[in-house]
Amino acid sequence: MMQKKAKKRSAALFLLLLFAAFFLSSCMRSQSKGVISEQFIAPTLIATIFKTPTIDPFQPTLDPRGPCTDNLTFLDDLSVPDGTVVEPGEEVVKQWQVQNSGSCEWTARYSLRNISGGSYGAEARQKLPVIPPGETGVIEITFTAPDIAGGHFSGWQAYDARGKPFGHVSMWSLSSVKNIEQEFI
């Protein structure tokens with residue numbers, strides 16, 4: 001009986017050694033051609049975390065066309081001339097004709113921002129229309145006239161996709177709100 005137990009132990013030990021040899025040989029297999037031995041990572045039972053690099057979608061990317069310049073040229077006031085008298089609370093649709101006088105195309109990430117005065121019900125940041133270099137387009141902003149009589153202004157500036165201002169002329173919208181009391185005098 002002792003011999004049977006000894007044979008079973010020997011067989012179990014043999015199988016264990018065979019399994020260990022097989023396991024170690026699979027970990028030590030030859031590497032593919034061109035792979036440096038320092039790049040080999042032996043499998044472990046310990047979990048490891050590898051940080052996968054990600055690209056920030058809001059990070060500006062390089063223009064594949066190379067460097068270009070942004071510029072905006074004001075051409076004309078198309079609606080509601082500056083200084084127009086309007087009623088308190090009246091909706092005023094202001095339009096400017098502009099030219100992309102730079103060499104960069106204005107993309108959907110370009111904006112027009114309120115830089116001074118009030119925005120009078122308009123979003124303080126507006127999208128610029130997509131306009132290729134050399135072409136003209138129309139910028140339109142809808143304002144609501146304030147309830148306070150007097151002259152009011154709203155100054156706007158163009159910004160590129162990186163948030164850098166450009167254009168030589170800031171666009172201004174000047175208007176006066178009619179004083180209701182003056183009508184009764």
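The entries below go from the ground rules to the overall layout and then to single residues.

**Ground rules**

I am working with a predicted model, where local features need pLDDT of at least 70, side-chain atom pairs count only at pLDDT 80 or more, and totals for chains, interfaces and linings use all residues. Residues are numbered from 1 along each chain as its sequence is written, and side-chain values use heavy atoms, with hydrogens and water left out.

**Layout**

I started with the secondary structure and found one helix and eight strands in the protein chain. Helices (H or I, at least four residues) and strands (E, at least two) are DSSP runs, numbered from the N terminus. Along the sequence the order is α-β-β-β-β-β-β-β-β.

Next I checked burial, and 23% of the 185 residues in the protein chain are buried. Buried stands for under 20% relative accessible area, exposed for over 50%, and partly exposed for what lies in between (1.4 Å probe, protein chains only). The accessible surface of the protein chain comes to about 13800 Å², and carbon and sulfur atoms hold 61% of that. Those areas come from the Shrake-Rupley method with a 1.4 Å probe; for residues, only the protein chains shown count as cover.

I also looked at contacts (heavy atoms within 4.5 Å). Among those in the protein chain between residues at least 6 apart in sequence, 69% join residues at least 24 apart.

**The disulfide**

How many disulfides are there? I get one, taking a disulfide as a pair of cysteine sulfur atoms within 2.5 Å. Cys68 and Cys104 form the link, with 1.8 Å from S to S. The link of Cys68 and Cys104 is right-handed, at 105 degrees about the S-S bond. Cys68 sits in the loop between α1 (2–27) and β1 (72–77), and Cys104 in the loop between β3 (91–100) and β4 (111–117), so the pair ties together parts 36 residues apart in sequence. Cys68 is partly exposed at 30% relative accessible area, whereas Cys104 is buried at 3%.

**The core and its rings**

Which residues touch the most other members of the largest nonpolar core? Trp106 and Leu128 do, in a core of 20 residues. β3, β6 (136–144), β7 (150–159) and β8 (165–177) each supply at least two residues of this core. For the record, a nonpolar core is a set of buried Ala, Val, Leu, Ile, Met, Phe, Trp, Tyr and Cys residues joined through side-chain atoms within 4.5 Å.

I listed what Leu128 touches, not counting residues up to four places away in sequence: among them are Trp106, Tyr110, Ile139 and Phe166.

Then I searched the whole structure for aromatic pairs and found three. Rings of Phe, Tyr and Trp (its six-membered ring) pair if their centres lie within 6.5 Å; planes under 30 degrees apart count as stacked, over 60 as edge-to-face and the rest as tilted. Trp106 and Phe166 have ring centres 5.9 Å apart and planes at 55 degrees, so this pair is tilted. Trp106 is in the loop between β3 and β4 and Phe166 in strand β8, so the pair ties together parts 60 residues apart in sequence. Trp106 is buried at 0% relative accessible area, and Phe166 is buried at 7%.

Tyr110 and Phe166 make an edge-to-face pair, 5.8 Å centre to centre with 75 degrees between the planes. Tyr110 lies in the loop between β3 and β4, 56 residues from Phe166, and is buried at 7%. Ring pairs join Trp106, Tyr110 and Phe166 into a cluster.

Ser79 is in the loop between β1 and β2 (84–86). Is Ser79 buried or exposed? Ser79 is buried, with 16% relative accessible area. A polar atom of the Ser79 side chain lies 2.8 Å from the backbone oxygen of Val93, and one lies 2.9 Å from the backbone nitrogen of Gln95.

Val80, also in the loop between β1 and β2, has a positive phi of about 45 degrees although it is not a glycine. Val80 is partly exposed, at 24%.

**Tyr120**

Tyr120 likewise has a positive phi of about 45 degrees without being a glycine. I placed Tyr120 in the loop between β4 and β5 (125–127).

Methods:
A polar contact is a pair of N or O atoms within 3.5 Å; within protein, one must be able to donate a hydrogen and the other to accept it, and residues adjacent in sequence count only if both atoms are side-chain atoms.
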